[in-house]
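Q: I would like to learn how to read the contacts, pockets and surface features of a model such as this one. Could we take them in turn, with the cut-offs stated as we go?

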Amino acid sequence: MAAEDSRFDLTGFLTLTKREILRFIRRPRNTFAPPFITNVLYFSVFGVILGQRVGTIADVPYILFILPGLIVLGAVSNSFENASFSIFHGRWNEYIHEVLTSPLSYTGMVWAYILSAATRGLIVGGLIGVIGWGIISGLYRPVPVEEPVYLLAFMLVITLLFASFGVIGGLVATDFDDLTVMNQFILRPLVFFGAVFYSLEDLTPLLRDVSLVNPMVYMVNGVRYGFLGTAEVDPRFSLVVLSGLTAVVVLIDVALFRRGYGLTD
């Protein structure tokens, strides 16, 4: 079994993290090509074509307004997908037992999976940002980054949070279809109803209050604040809440690993 959490095996942690990062880096057609193509379509259809009709929101071109939301969508989807797939694939093919019997602590195992998945989310989010920067700068104006510290902080927190959720997803899934359901029918709808393509000010008071229950609203607004310097929800409050939630989910991940939930027969 794994070593006690009081003993942190740095070499084992770095080895597992490197293995998980190389797993998606070595398959760029599966990792980076789909979000590249998808977001070119998003920017073309929603940003350029629909944006000409919408005009501006919050005094910025519509295509610039939706950029933060598309970055969030790509980052959290890939963070969740990477962690959930790694855990479930290891369970399915039974090679995760090699990790469980290593001297690596449960905390080290969990953080290796989380950090590697968050790395994928950050890379994909950055790729989407570059795509958006190229299109927006060519059509309108350079993309501003008014609050870079907040932008980096939110991107780090949301990718860590959804990588942590991905660990849980990989443990509870019973087949590969479960992973698809979690990503496509739970995660993505939450993002789309998280004020990616519209402003909260355009909603009725009732719908606005209901939207505030969706945690994606705070993530999208936080990243939007990083770019534009304006937000419809207090970014400091959002960052504190999301950071606290991330810490809680990570602790749950470690507890599940320690119990062997979904890992042992």
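Q: Is R19 buried, partly exposed or exposed?
A: Buried means under 20% relative accessible area and exposed over 50%, with partly exposed in between (1.4 Å probe, protein chains only). R19, at 35% relative accessibility, counts as partly exposed. This is a predicted model, in which local features need pLDDT of at least 70 and side-chain atom pairs count only at pLDDT 80 or more, whereas totals for chains, interfaces and linings use all residues. Residues are numbered from 1 along each chain as its sequence is written, and side-chain values use heavy atoms, with hydrogens and water left out.

Q: With which residue does R19 form a salt bridge, and how far apart are the closest N and O atoms?
A: A salt bridge is a side-chain nitrogen of Lys or Arg within 4 Å of a carboxyl oxygen of Asp or Glu. By this rule the count comes to five. R19 is paired with E20, and their closest N and O atoms are 2.9 Å apart; E20 is buried, with a relative accessible area of 2%.

Q: Which parts of the chain does the salt bridge between R120 and E81 link?
A: The side chains of R120 and E81 meet at 3.7 Å, N to O. The pair links distant parts of the chain, with R120 in helix α6 and E81 in helix α4, 39 residues apart. Helices (H or I, at least four residues) and strands (E, at least two) are DSSP runs, numbered from the N terminus. R120 is buried, with a relative accessible area of 6%, whereas E81, at 36% relative accessibility, counts as partly exposed.

Q: How is a pocket found, and what volume does the largest pocket have?
A: Rolling a probe the size of a water molecule over the atoms shows where empty space is left. On a 1 Å grid over the protein atoms alone, a pocket is an open set of points where a 1.4 Å probe fits, with protein on both sides within 12 Å along at least five of seven lines, and lining residues have an atom within 4 Å of a point. Grid points are joined across faces, edges and corners, and a volume is the space filled by probe spheres set on the points. The largest pocket has a volume of about 320 Å³. Of the 15 residues that line the largest pocket, R23, N30, E81, F85 and R120 are the closest to its centre. Two or more lining residues come from each of α1 (10–25), α2 (28–31), α4 and α8, and α8 gives the most, with five residues.

Q: How does the lining of the largest pocket divide by class?
A: Ala, Val, Leu, Ile, Met, Phe, Trp, Tyr, Cys and Pro count as nonpolar, Asp, Glu, Lys and Arg as charged, and the others, Gly among them, as polar. The lining of the largest pocket holds five nonpolar, six polar and four charged residues.

Q: What volume does the second largest pocket have, and which residues are the closest to its centre?
A: The second largest pocket has a volume of about 260 Å³. It is lined by 18 residues, of which P34, P35, N78, E81 and R188 are the closest to its centre. The largest share of this lining, six residues, comes from α4, and by class the lining has six nonpolar, nine polar and three charged residues.

Q: Where is E94, and is E94 buried or exposed?
A: E94 is found in the loop between α4 (62–92) and α5 (96–100), and E94 is exposed, with a relative accessible area of 55%. E94 has a positive phi of about 65° although it is not a glycine.

Q: Where is A195, and is A195 buried or exposed?
A: A195 lies in the loop between α8 (176–192) and α9 (205–211), and counts as buried at 0% relative accessibility. The phi of A195 is near 65°, a positive value in a residue other than glycine.
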